[in-house]
Amino acid sequence: MTEENKQVRKEFPRLLLRWNQRENNRQMPWKGEKDPYKIWLSEIILQQTRVEQGLAYYHRFIASFPTVHHLAEASETLVFKHWEGLGYYSRCRNLLASARFISRQLGGRFPSRYDDIRALKGVGPYTAAAIASFAYNLPYAVVDGNVFRVLSRVFGVSQPIDSTVGKKYFNTLAAEVLDKKNPGVFNQAIMDFGATVCKPVAAVCEACVFKKVCYAFIHGKINELPVKEKKTATRKRYFYYLVMDYKGSIAVRQRTAKDIWNQLHEFPLIETGGTKSKKEILAEAEKQGMLPRGDHYDVVSISEVFRQQLTHQSITGQFIRVKLKKTIPGDWTWISRKQMAGLAFPKFINQYLQSEK
């Protein structure tokens, strides 16, 4: 490490906190919050979610479940309905499991030690550090995408942020530059700085408090840092849903397999390896015993093609509405359209439901 780099590391907290005090105007409802329950809730919601999208969900959860006891006693159906549309539903399952553990095993007292916070289901190092520093002012550095970007550019770190070696290096660097006396303020400041100044695209370098010492700015490498090495292939999936109506009731079932949308509801599904015609889907549905053979049903309509892009999966599909003259047993339940409103469905299905209104 050069003497210059040592000096930058020493000056980093002072410059960041000066910016935070004089220029940081980023407003969020949980900033300055000391209630660990509300901090935990906001952090879980914001995992894999943009702040703009997560705000409404945070307010809705706080309004419906003001304490961890309220959340712990809520039904899974109600909690998942509140989460509907946020995606990454394992977060919701872990949220509910941890709430019940805190409420029932810990008497509603949120853990105050980093290791105990980290042991909660669905809480990783970043979330544990955020809760520990924001709620209890403990000296743990948060390292998220914003922090990776700021540290990589300012200090000229070319190690991939998605590699084991890179993650270890950035965690060590973040802990080193952390202001130990004001860890909560520092952590919020560096995340705000990455979100508003050191942005992924169109970084505001000319107004940056670090521009005189930032390696990427000085060497013209803003668009080259941070570095990622892994590229995950996208899996293409094709979903054809049967919207079956029998005497005004609709067939729905809950997804229970270890797959996307676990515990959300859906219509009877045929998944294929590629695009299929209506005739092919109906033939397959009869073959699988999902539809009665012969003239015991009428096809009402077939929807437009819907698409949803997940992190590593691309979903394409359609919805075939059929009116049944008789039913056959299946792994679904017949419910009214009014009852459907209380169930949580994936965004893919909600797109279709919205189009039918």
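Is S303 buried or exposed? Hold that for a moment.

First, the ground rules. This is a predicted model, where local features need pLDDT of at least 70, side-chain atom pairs count only at pLDDT 80 or more, and totals for chains, interfaces and linings use all residues. Residues are numbered from 1 along each chain as its sequence is written, and side-chain values use heavy atoms, with hydrogens and water left out.

Now S303. Its relative accessibility is 11%, so S303 counts as buried. Buried means under 20% relative accessible area, exposed means over 50%, and partly exposed is in between, with a 1.4 Å probe and protein chains only. S303 sits in the loop between β5 and β6, and β6 covers 306–309. Strands here are DSSP runs of E with at least two residues, helices are runs of H or I with at least four, and both are numbered from the N terminus. What does S303 touch, leaving out residues up to four places away in sequence? The list is Q318, F319 and Y352. A contact means heavy atoms within 4.5 Å.

Step back to the whole protein. There are 15 helices and eight strands. Along the principal axes, the C-alpha atoms fill a box of roughly 85 × 50 × 35 Å. The protein has 357 residues, and 49% of them count as buried. Take the contacts with a separation of 6 or more: 67% of them come from residues 24 or more positions apart. The protein exposes about 18,400 Å², and carbon and sulfur atoms supply 50% of that. Those areas come from the Shrake-Rupley method with a 1.4 Å probe; for residues, only the protein chains shown count as cover.

Next, the charges. The protein has 55 positive and 33 negative ones, and their mean positions are 0 Å apart. Lys and Arg count as positive, Asp and Glu as negative, while His and the chain ends are not counted. Each charge is placed at NZ of Lys, CZ of Arg, CG of Asp or CD of Glu.

On to a helix, α3. It runs over residues 51–64, which is 14 residues. From first C-alpha to last, α3 reaches 20 Å, close to the 20 Å expected at 1.5 Å a residue. That expected span is 1.5 Å times one less than the number of residues. Which residues of α3 are buried? They are V51, G54, Y57, Y58, F61 and I62. They cover an arc of only 135° around the axis, so they lie on the same side of α3. The arc is taken from the directions that run from the helix axis to the C-beta atoms. The face turned away from that buried side carries the exposed residues E52 and A63. What covers the buried residues? The cover includes α2 (36–46), α4 (68–73), α5 (76–83) and α6 (90–105).

Now look at α5 itself. Its buried residues are V79, F80, H82 and W83. Their arc is only 155° around the axis, which puts them on the same side of α5. They pack against α2, α3, α4 and α6. Just after α5, G85 takes a positive phi of about 100°.

Back to the strands. I302 is in β5, residues 297–302. With 38% relative accessibility, I302 counts as partly exposed. I302 and Q318 are 16 residues apart in sequence, yet 7.0 Å apart in space, C-alpha to C-alpha. Beyond four places in sequence, I302 is in contact with K278, Q318, F319 and I320.

S314 belongs to β7, residues 313–324. S314 is buried, at 18% relative accessible area. Its contacts, again without residues up to four places away, are T234, R235, K236, R237, Q308 and Q309.

Most residues other than glycine have a negative phi, and most peptide bonds are trans. K247 is not a glycine, but has a positive phi of about 55°. K247 is found in the loop between β1 and β2 (249–254), and it is exposed at 72%. W261 is not a glycine either, and its positive phi is about 65°. W261 is in the loop between β2 and β3 (265–266). Unlike a residue with over 50%, W261 is buried, with a relative accessible area of 6%. Finally, a cis peptide bond joins L225 and P226, with omega about 0°. P226 lies in the loop between α12 (215–218) and β1 (235–246).
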